[in-house]
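Subject: Handover of a structure

Dear colleague,

Please find below the structure that I am passing on to you. A summary of the findings follows it.

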Amino acid sequence: MKRRRLLATVAMLAAGSGLVACSSDEGGSDASNCTNTITKQNVPVVTMWGWYPNTQLVVDNFNKQHDDVQVCWTNVGQGGDEYDKFQTAISAGTGAPDVIMVEADRIPTFQIQGALVDIKQYGYDAVKANYGEGAWKDVSVGDAVYGVPVDGGPMGMIYRKDIFDKYKITPPKTWAEYEQAAQKVKDAGGPLFGDLGANVPAVLMALQIQKGASPFTFDPAQPKSIGVKLNDQASKDVLDYWGGLAKKGLVGTQDQFTPEYISGVINGKYATYISAAWAPGYLTGAGVGKGQDTGKFAVAPLPQWDPANPVQVNWGGSAFSVTKQAKKPELAAKVAYGLYADKESLTDGWTNQIIFPLNLTALKDPAFADLKVAFFDGQQANKEVYLPAAEAYKGVAYAPFGQYYLDAMTKQVSEVIKGSVTGSQAADKLQEDVAKYAKEQGFTVQ
């Protein structure tokens, strides 16, 4: 997704606190410096890395509520920066924190290296009912659980009300209707209907899964065997569909999350934006919905490939995992289960559009469901779009080399945009590339 890039600016704000001394008998990374202040002394300390913008508040809330353990939090960087440091600690066998914030699609990458703890034995049954099926599947490898879900990205279709009104369009319920609406707008001399960005491969992956694709199958009982299925008919259909929209000039081909793309969103260059529930927070932070485009956005459910069999998909999401270097994994698991699980932290997260929570305490809160989202001009977006999508989401099996796959997808989508290959040809090339890589990493490809 790489949503970590989208939140980089706001996440930097979370690292601005002064460093204070604390102590730990739990092992893991150096606990001599904490971003937060620990006020309860002479109790075990669990070290934690994380980058959410309101982590300071979340950690303080946890520490206030616990007399048997305290959290020492450090922001070592967002996403890739943190992962690089974690990988170094894995290789060295020392230096990792007890608990680490990890995006769900990265969990298999670290799990296969033996760097994460299966926390199912450390209190899972007590909190299982707090999260839905899809949330748990995203943080699991087989039957083992390697993270506690925190936030997700149920997808929907953000659209410009002014453009839809001008061209007398209602939100399309299917992708066939989406193309028809795009053609209608183009024929009338209107703007692009959407955008095919090569730098958001996770969106296309989600839409392929929505159509029925299963990119990877992985059984931890057979860690050197993996199913790679990137050129099945569903995957080809989706790439052909979006490649066709681009070729007809119905959607743009601008990389997203760039100044050029944001300027286009602000100025009405695009009628729709296919994205996730965290998008309003990102767009607001980028200046969208604050100027001449104020009050012009709404959101509708994601169009379906088969309306008789609707499928909801997700883009993004993070979890708290316990690392293998934690000397007391049960205590570390208590922290992972407890962080961002109290009502105050969850409420702060969704009211300030920092996260779309996966904890059912928040999702079942009438205040969350009934929230009139300012970005959507007061629309109850959670109730109408994002909550139903989150509840219906079934989860995904990620690959142990997910980043390579997404990078390879970006390369092939770029070729589709150039017109060098069709979507189907890109899928075949992607299959060949990723399967070869998997074999080079020692996997038997099914």
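In what follows, two residues are in contact when heavy atoms lie within 4.5 Å. Helices (H or I, at least four residues) and strands (E, at least two) are DSSP runs, numbered from the N terminus.

Please note that this is a predicted model, in which local features need pLDDT of at least 70 and side-chain atom pairs count only at pLDDT 80 or more, while totals for chains, interfaces and linings use all residues. Residues are numbered from 1 along each chain as its sequence is written, and side-chain values use heavy atoms, with hydrogens and water left out.

Overall form. The protein contains 20 helices and 14 strands. Its radius of gyration (taken over C-alpha atoms) is 22 Å, which agrees with the value near 22 Å for a compact globule of 446 residues; the globule rule is 2.2 Å times the number of residues to the power 0.38. Along the principal axes, the C-alpha atoms fill a box of roughly 70 × 50 × 35 Å. Of the contacts with a separation of 6 or more, 75% are between residues 24 or more positions apart.

Burial. Of the 446 residues, 57% are buried, where buried means under 20% relative accessible area, exposed over 50% and partly exposed in between (1.4 Å probe, protein chains only).

Domains. The assignment, whose bounds come from an automatic or database source, gives domain 1 (27-152 + 317-370) and domain 2 (154-315 + 390-445). Their centres, taken over C-alpha atoms, are 29 Å apart. To the contact between them, domain 1 contributes 17 residues and domain 2 contributes 25 residues.

Helix α15. This helix spans residues 343-351, and its buried residues are Ser345, Leu346, Asp348, Gly349 and Trp350. Among the elements that cover these buried residues are α3 (55-65), α16 (360-363) and α17 (366-369).

Thr39. This residue lies in the loop between α2 (8-12) and β1 (45-49). Thr39 counts as exposed because its relative accessibility is 63%. Between the C-alpha atoms of Thr39 and Asp377 there are 42 Å, and the two residues are 338 residues apart along the chain.

With kind regards
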